[in-house]
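Welcome, and thanks for taking a look at this one with us. Please have the sequence and the model open side by side as you read.

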Amino acid sequence: MATNRLLWILGSALILPLAGCPTAGGDDDDAAGDDDDAAGCVDEGVCTLSGTIAEDMTLTADVAWVLRGGVFVGDDESATTLTIEPGTTVYGESATDGMLVVTRNSRLVAQGTADAPIVFTSSKSEGSRARGDWGGIIINGNAPINSCGADGGDPCEAFGEGGTGWYGGDDPADDSGVLEYVRVEFAGTLLSPDNELNGIAFQGVGSGTVIDHIQIHMNADDGIEFFGGTAQAKHVLLTGIGDDSIDWTDGWQGKLQFAVAQQYEDNGDNGIEADNNGDDNTAAPRSHPTISNVTLIGVPGGASSDVGMLLREGTAGALSNMVVTGFADACLDVDHSETFANVTAGDLTLTNSIVDCATPFDIEAGDDVPVDTFFGDGAGNEEGDPGLVDPFNLTTPGFKPSSTGLAATGGSAPSDAFFDAVSYRGGVDPSDDWTAGWTTSARN
């Protein structure tokens, strides 16, 4: 389907779900999304989704799918699975702040391939796209969180920003589906001041969810944010993010291996912003992820390139094989007494990592533990050029370390079945660039 055909339909005065399209929340057989019904869209090539998808449905690659407003997979009374075929493109309608919300007990099964990734993108034409064109993806699960407060009940649950539904529960192994080879581009709508949507928000998402090979590109707010839960992810690329690339809060106890975050010169904040709970730094369960092999790339001298890793508000965690380079303010900062208490107790650790910034550490007089001491006490930590091939190139970046670069050796993965054994540091193997072929660097 030609791009101009999609734009004509979206710009028409009368825009309705097209005849024969499997429609969200329908009561007839169309809602099942069987092959015959999906083929009914081929003449026009565009289907619009809106409201609630109340029955299992498949989005096929031969159709362009448009999210009109908030599209909810399931509701409080139905457990629904939305399946998306490899090579499918889903457009978030800019005029209606289109977004996709997966409710608790429902699932999103989006299994693309390296040759046919699934792409969520702006409904605007290429060349006119920008951060914040549409909402993004929100996934709500039943895993534990700590943000319910005194009135949240037992188990703890919370309501997502922007009316995105309830999340949280008592099932650490909760399964919200599969995301493999998925790109999310130009998302992050500003709903109200201080209320922007992330590229993907994992809200109370459990470890039964598969997250592998995803890119968040040119998002207005955070790239990915983990609101509690136990979600586990591998092979995550974050490029041109307007706020923090990786953010966690509210008791995230998941795992992450092989991630790259590359800031652009026009906007950005921290590579990682890590919190436990802003209202109660001691809230339980405490944020305590295990993270290995992450590369964080800032913009040297950039006005919006702040801190590579900002660890604060009581977070704990086991971080290893990190490479942090090029951030304007500092590579590493640790704030708040409860965070330092975790350092002292051995519950916040950083090992086998490299920092390379003009100001390596944000050292403040009131810190309970000097940040340079925290870094220096970590086994295998070094200051110096990691030797990445071309990390500041914004069109054809080279995230791998050269064979003789500092990051090519010195790594050691956590002893955990989730983590692949490695001997290098940073997010990309010196001999195998997993970001190649299915990702994008397009600025608009």
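Leaving aside its neighbours within four places in sequence, which residues is Phe202 in contact with?

## Around Phe202

Contact here means heavy atoms within 4.5 Å. By that rule, and with neighbours within four places in sequence left aside, Phe202 is in contact with Ile139, Ile211, Ile224, Glu225, Phe226, Phe227 and Gly228. You will find Phe202 in strand E15, residues 200-203; strands (E, at least two residues) and helices (H or I, at least four) are DSSP runs, numbered from the N terminus.

Phe202 is buried, with a relative accessible area of 1%. The term buried means under 20% relative accessible area, exposed means over 50%, and partly exposed lies in between (1.4 Å probe, protein chains only). Look also at Ile138: 64 residues separate Ile138 and Phe202 along the chain, yet their C-alpha atoms are 6.4 Å apart.

## How to read the model

This is a predicted model, in which local features need pLDDT of at least 70 and side-chain atom pairs count only at pLDDT 80 or more, while totals for chains, interfaces and linings use all residues. Residues are numbered from 1 along each chain as its sequence is written, and side-chain values use heavy atoms, with hydrogens and water left out.

## The nonpolar core

A nonpolar core is a set of buried Ala, Val, Leu, Ile, Met, Phe, Trp, Tyr and Cys residues joined through side-chain atoms within 4.5 Å. The largest one in this model has 70 residues, and Phe120 and Ile224 have the most contacts inside it. Strand E3 (residues 64-73) gives the most to this core, with four residues.

Ile224 is worth a visit of its own. Beyond its neighbours within four places in sequence, Ile224 is in contact with Ile200, Phe202, Ile214, Ile216, Val236, Leu238, Ser245, Ile246 and Asp247.

## Two disulfides

The structure holds two disulfides, each defined as a pair of cysteine sulfur atoms within 2.5 Å. One joins Cys148 and Cys156, with sulfur atoms 2.2 Å apart. This link is left-handed, with -125° about the S-S bond. Cys148 counts as partly exposed at 22% relative accessibility, whereas Cys156 is buried at 12%.

The other joins Cys331 and Cys357, with sulfur atoms 1.9 Å apart. Its 90° about the S-S bond makes the link right-handed. The pair links distant parts of the chain, 26 residues apart: Cys331 sits in strand E25 (residues 330-334), and Cys357 in the loop between strand E27 (354-356) and helix H4 (371-377). Both Cys331 and Cys357 are buried.
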